[in-house]
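The following exercises are to be worked with the sequence and the coordinates at hand. Each task is followed by a solution in steps.

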Amino acid sequence: MISTTNSTEGGTQTEAYQVLLCSPSLMAGLQQKQSIAFSAVNIFLSITAFLGNSFILVALSKKTSLHPPSKLLYRCLATTDLLVGLVSQPLAATYWMSLVYEEWSLCRYAKDAAFISSHALCGVSLWTLTAISVDRLLALLLGIRYRQIVTLKRTCIITATFWILSVAAGSFYISRNRIVIWYTIIFIPSCSVISIASYTKIFRTLRNHQAQLQDHFQQQPSQTTALNMARYRKAANSALWVQLALAVCYVPKFITLLMNNYRKTYSSHVVVIDGITCIILYSNSTLNPFLYCWRVREVRKAIKQTIRQAFCFPRS
């Protein structure tokens, strides 16, 4: 049996869907084992996200060659991923289990809290990754002026603004749900456009620089300049990998958000699809620590050192 809820006229599709998410009619078409499976996956990803990003934060607290503002942005990203595992995913697991036990009051509280925390934390992640792309572009374009303009104090102000805007947007969910929906529909593509434009400019500039070096090869460019450009290219590639991972994990949720906003009827199948896309989105918080270890040499070395100290392994 498939549970179906019809939306009323006057733009209340979103409200109808929110009612379906915590109603006995949902369980008429949703199997208990599906809810239990969703809860179990969320708990597993919660543990992996918490542990992985805890290691990253410890690694970033050690002295590395990363520029302090850049390190702050990566710390902010790791903190949001850690909080997704510590807050949002346990709330999502609670929501799915409340359906199994038909605790409708708990279901509504868990659903609302999971949405608000997820919206706020994922918003900060998206803002931060956009800032990282702009930071990498400024490092390329400004040259020696970069460290004078992109300071730790200014970066702190920017990251604090990200948190304020994202928490404020998430809090509108309680009373102005459609504002949140439209904010998300506008916000995600805007950040994507900025990031795409930044990386396009970065790699075009790097390609032009490489062509200039080849044209003037006889002049024997300094080894220091070549080394700095190679290091910069690697840092830009690392940031791009993190950006691409977020895009892959966020796009399915964004598509379902658009589709749900214009649906006239909702069924338990829609809730299942929404649950799957949420898990894909949450998995980004587990994936990021692996990307840091793979792509950022300083982070990888710091984590190895932390593990040796934690387990008293001798230095190899």
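**Exercise 1.** Classify Cys 22 as buried or exposed, and characterise the link it makes.

*Solution.* Step 1: Cys 22 has a relative accessibility of 8% and is therefore buried, where buried means under 20% relative accessible area, exposed over 50% and partly exposed in between (1.4 Å probe, protein chains only). The model is a predicted one, in which local features need pLDDT of at least 70 and side-chain atom pairs count only at pLDDT 80 or more, while totals for chains, interfaces and linings use all residues. Residues are numbered from 1 along each chain as its sequence is written, and side-chain values use heavy atoms, with hydrogens and water left out.

Step 1: Apply the disulfide criterion, a pair of cysteine sulfur atoms within 2.5 Å. The sulfur atoms of Cys 22 and Cys 107 are 2.1 Å apart, and the two residues form a disulfide. The link of Cys 22 and Cys 107 is left-handed, with -85° about the S-S bond.

Step 2: Locate the partners. Cys 22 lies in the loop between helix 1 (13–21) and helix 2 (24–29), whereas Cys 107 belongs to helix 5 (residues 104–142); the pair, 85 residues apart, links distant parts of the chain. Helices (H or I, at least four residues) and strands (E, at least two) are DSSP runs, numbered from the N terminus. Cys 107 is buried as well, at a relative accessible area of 0%.

**Exercise 2.** Describe the geometry of the ring pair of Tyr 95 and Trp 96, then that of Trp 241 and Trp 294.

*Solution.* Step 1: Rings of Phe, Tyr and Trp (its six-membered ring) pair if their centres lie within 6.5 Å; planes under 30 degrees apart count as stacked, over 60 as edge-to-face and the rest as tilted. The structure holds six aromatic pairs.

Step 1: Tyr 95 and Trp 96 are edge-to-face, at 5.1 Å centre to centre and 65° between the planes. Trp 241 and Trp 294 are also edge-to-face, at 4.8 Å and 70°.

Step 2: Trp 241 in helix 9 (residues 223–262) and Trp 294 in helix 10 (residues 268–295) are 53 residues apart.
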